[in-house]
Amino acid sequence: MEKFVVQGKNKRSCTTDARSPWKKIKPSDERMEQQQEEEDALAEFSHPVPWQKIEAEGLDCDYALLFSKEEADHLFKQLEEEVVYSTGEEAKVQVFGKVYNIPRKQATYGDAGLAYTYSGVTRLASPWTPTLEYIRDSVTKATGQTFNFVLVNRYKDGQDHMGEHRDDEKELDPLCPIASVSLGAARDFIFRHRDARGKQSRRQIELVKLELAHGSLLLMNPPTNTFWYHSLPARKKIFLPRINLTFRRILLDRKKLQHGLSSGPKKHLIKRGSKLSLM
């Protein structure tokens with residue numbers, strides 16, 4: 001697999017508004033204000049990090065070290081103090097009708113009214129903490145993408161893990177990547193093509209194996225989650241904890257949103273399709 005570094009690579013913002021701040025028309029006062037906001041946002045996105053491109057058939061990822069070791073250490077410590085992880089029924093999943101404990105700790109944060117549902121469990125998004133907001137904004141400045149939800153996974157050591165799955169919910173903005181920030185112990189991250197899974201796999205396609213470092217950012221760009229499953233396998237020789245943050249952009253259902261405005265707040269649910277592995 002060929003890998004190369006792309007210096008100063010800018011990512012497009014995931015917006016459905018095709019208008020450009022450089023369009024030569026006579027703007028209204030309101031439009032001038034909007035243009036200024038867009039230009040300010042671009043000015044903030046003026047120091048892109050060096051990206052390493054990771055590609056395979058149907059796989060498109062970008063990888064970079066977003067935070068220095070000193071800053072990553074500080075962020076890890078702050079998250080240990082701020083994040084409140086799920087307990088009880090929210091710390092379990094259903095697989096083929098059986099209930100299992102999740103082999104790691106999980107928490108969900110995001111904009112008001114969002115929720116996350118998979119394997120029979122619905123998780124409401126807690127309000128952003130100061131540190132999560134800082135990391136989210138850092139990812140936005142580095143990539144040009146915006147996010148309204150984050151799933152936090154804490155692995156106490158190498159025994160904690162995540163099974164193969166795809167983040168391919170229809171509610172996710174198809175134009176935006178999933179941004180994965182890793183803090184703590186470096187862990188192996190495995191991509192497996194959907195046609196190369198199981199004993200009756202149709203094709204022989206090599207795995208793509210990465211090591212996600214402390215302070216790193218991995219962008220899983222479309223169509224990666226259509227064709228490739230990913231996992232974080234157990235590693236017996238890892239004794240230190242790791243915190244992973246996967247930032248996502250959830251599309252709000254306009255009809256539900258309008259109905260909610262007239263009849264009260266509604267929770268927007270995300271269903272994780274056919275993810276049957278123990279995650």
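Just after helix H3, glycine 144 takes a positive phi of about 80°; helices (H or I, at least four residues) and strands (E, at least two) are DSSP runs, numbered from the N terminus. The structure is a predicted model, in which local features need pLDDT of at least 70 and side-chain atom pairs count only at pLDDT 80 or more, while totals for chains, interfaces and linings use all residues. Residues are numbered from 1 along each chain as its sequence is written, and side-chain values use heavy atoms, with hydrogens and water left out.

Helix H3 itself spans residues 130-143, 14 residues in total, and reaches 20 Å from its first C-alpha to its last. This is close to the 20 Å expected at 1.5 Å a residue, the expected span being 1.5 Å times one less than the number of residues. Among the buried residues of H3 are Leu132, Ile135, Val139 and Ala142, along with Arg136; buried means under 20% relative accessible area, exposed over 50% and partly exposed in between (1.4 Å probe, protein chains only). Seen down the axis of H3, the buried residues fall within an arc of 160°, so they line one face of the helix. The arc is that of the directions from the helix axis to the C-beta atoms.

Two serines in strands come next. Serine 180 lies in strand E11 (residues 178-184) and, because its relative accessibility is 2%, counts as buried. Its side chain makes a polar contact with that of asparagine 244, at 2.8 Å; a polar contact is a pair of N or O atoms within 3.5 Å, where, within protein, one must be able to donate a hydrogen and the other to accept it, and residues adjacent in sequence count only if both atoms are side-chain atoms. Leaving aside neighbours within four places in sequence, serine 180 is in contact (heavy atoms within 4.5 Å) with Ser216, Leu217, Leu218, Asn244, Leu245 and Thr246.

Serine 231 belongs to strand E15 (residues 228-232) and is likewise buried, at 9% relative accessibility. With neighbours within four places again set aside, the contacts of serine 231 include Met162, Glu164, Asp188 and Phe189. The C-alpha atoms of serine 231 and arginine 192 are separated by 8.4 Å, although the two are 39 residues apart along the chain.
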